[in-house]
Amino acid sequence: MKTIIRRLRRLEALSAFTADGRPRETLRVVVRCVCGPPRLETSTCRRVLGRNGLLIEVVELDGGREDLADEDLDRFIASFPVEAA
C-alpha cells in the first residue's frame, strides 16, 4: 500500500508541471516606482515554487515599467533561481 501511495504522490507532483518541466501556473507580482527609467541593476526578484506547482514571482522594480520590454523583464526574472517552498 505504501508503494501505491508514494507513486500516487509522485504522479500528483508531476501533474503540476508541463511536459517541458515548467510550472503550469505562474503568479507574477511586479511592484514598481511610478517615475524614472527602470534600473535592473538595483531591482530584485524572488521566485518560489510551491508544492502544488505554482510558481510565485515577486519583482521589485527600481523605476518605471514603461521603457522595459516584456522580453527584457522575462530575462531579468529568469536570471534569479527558483526556491522550493
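Gly63 sits in the loop between β3 and α2, where helices (H or I, at least four residues) and strands (E, at least two) are DSSP runs numbered from the N terminus. At 0% relative accessibility, Gly63 counts as buried; the cut-offs are under 20% relative accessible area for buried, over 50% for exposed, and partly exposed in between (1.4 Å probe, protein chains only). This is a predicted model, so keep in mind that local features need pLDDT of at least 70, side-chain atom pairs count only at pLDDT 80 or more, and totals for chains, interfaces and linings use all residues. Residues are numbered from 1 along each chain as its sequence is written, and side-chain values use heavy atoms, with hydrogens and water left out.

**Loop contacts**

- Gly63 and Cys33 are 30 residues apart in sequence, yet 4.8 Å apart in space, C-alpha to C-alpha.
- Cys33 belongs to another loop, the one between β1 and β2, and is partly exposed with a relative accessible area of 35%.
- Cys33 also pairs up with Leu61 on the list: 28 residues apart in sequence and 6.9 Å apart in space, again C-alpha to C-alpha.

**Salt bridges**

- The count comes to 8 salt bridges, taking a salt bridge as a side-chain nitrogen of Lys or Arg within 4 Å of a carboxyl oxygen of Asp or Glu.
- One of them joins the side chains of Asp74 and Arg28, at 2.8 Å from N to O. This pair links distant parts of the chain, with Asp74 in helix α2 (residues 70-78) and Arg28 in strand β1, 46 residues apart.
- Asp74 is partly exposed at 36% relative accessibility, and Arg28 is partly exposed with a relative accessible area of 36%.
- Arg28 and Asp74 are also part of a network of salt bridges that takes in Arg47 and Glu57.
- Glu83 forms a salt bridge with Arg46, and the closest N and O atoms are 3.0 Å apart. Glu83 lies in strand β4 (residues 82-84) and Arg46 in strand β2 (residues 44-49), so the pair ties together parts that are 37 residues apart in sequence.
- Glu83 counts as partly exposed at 32% relative accessibility, and Arg46 is partly exposed too, with a relative accessible area of 49%.
- Asp72 and Arg75 make a salt bridge as well, their closest N and O atoms being 2.3 Å apart. They are 3 residues apart in helix α2, so about one helical turn separates them.
- Asp72 is partly exposed at 30% relative accessibility, whereas Arg75 is exposed, with a relative accessible area of 56%.

**Aromatic pair**

- A pair of aromatic rings is described by the distance of the centres and the angle of the planes.
- Here the count comes to 1 aromatic pair. The rings of Phe76 and Phe80 have centres 5.1 Å apart and planes at 75°, so the pair is edge-to-face.
- For the cut-offs, rings of Phe, Tyr and Trp (its six-membered ring) pair if their centres lie within 6.5 Å; planes under 30 degrees apart count as stacked, over 60 as edge-to-face and the rest as tilted.
- Phe76 is buried at 9% relative accessibility, while Phe80 is partly exposed with a relative accessible area of 23%.

**Surface patches**

- Patches are made of residues with over 30% relative accessible area and no salt bridge; like charges are joined within 9 Å, and nonpolar side chains (Val, Leu, Ile, Met, Phe, Trp, Tyr) within 5 Å. The accessible areas come from the Shrake-Rupley method with a 1.4 Å probe, and for residues only the protein chains shown count as cover.
- Leu27, Val29, Val31, Ile56 and Val58 make a nonpolar surface patch of about 350 Å². The elements giving two or more residues to this patch are β1 (25-32) and β3 (54-61).
- β1 gives the most to the nonpolar patch, with 3 residues.
- Ile56 is found in strand β3 and is partly exposed, with a relative accessible area of 33%.
- Lys2, Arg6, Arg7 and Arg10 form a positive surface patch. Lys and Arg count as positive and Asp and Glu as negative, with His and the chain ends not counted; the place of a charge is taken as NZ of Lys, CZ of Arg, CG of Asp or CD of Glu.
- Arg6 lies in helix α1 (residues 2-14) and is partly exposed, with a relative accessible area of 47%.
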